[in-house]
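Have the model open as you read.

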Amino acid sequence: MTESRAEISIVAPCFNEEDNINYLVERITTAMNKAGIGFEIVLVNDGSIDGTWKAISECVSRYSNVIGVDNGRNLGISESWK
């Protein structure tokens with residue numbers, strides 16, 4: 001992605017997805033770059049008990065368009081969404 005503003009934000013909730021984070025970011029990055037669309041990826045750790053937050057943090061340091069958000073506990077689906 002160039003330094004231009006993101007055209008789209010992709011938000012992915014992550015719960016115990018340590019082994020899948022990097023793959024997800026690589027696949028999204030490949031597809032969006034091929035389409036020529038500016039984007040950002042927001043990875044939300046939803047109280048994982050594995051190494052999900054570490055994997056997210058590594059992607060944040062590797063990719064300038066990846067943002068990490070760390071929820072300390074699993075918030076699940078809000079009552080207002082049901």
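Skipping neighbours within four places in sequence, Thr52 is in contact (heavy atoms within 4.5 Å) with Cys14, Asn16, Glu17, Glu18, Ile21 and Asn45. Thr52 lies in helix H2; helices (H or I, at least four residues) and strands (E, at least two) are DSSP runs, numbered from the N terminus. Thr52 is buried, at 0% relative accessible area. Here buried means under 20% relative accessible area, exposed over 50% and partly exposed in between (1.4 Å probe, protein chains only).

Ile56 also sits in helix H2 and is buried, again with a relative accessible area of 0%. Leaving out neighbours within four places in sequence, its contacts are Cys14, Ile21, Leu43, Val44, Asn45 and Gly68.

## Helix H1

Now for H1, residues 21-35: its 15 residues reach 21 Å from first C-alpha to last. Ile21, Val25, Ile28, Thr29 and Met32 are buried in H1. Seen down the helix axis, the buried residues of H1 fall within an arc of 100° (taken from the directions from the axis to the C-beta atoms), so they line one face.

That buried set packs against strands S1 (8-14), S2 (39-46) and S3 (66-71), plus helix H2 (52-62). Turned away from the buried side are the exposed Arg27, Thr30 and Lys34. After H1 comes Gly36, with a positive phi near 70°.

## About the model

This is a predicted model: local features need pLDDT of at least 70, side-chain atom pairs count only at pLDDT 80 or more, and totals for chains, interfaces and linings use all residues. Residues are numbered from 1 along each chain as its sequence is written, and side-chain values use heavy atoms, with hydrogens and water left out.

Methods
The expected span of a helix is 1.5 Å times one less than its number of residues.
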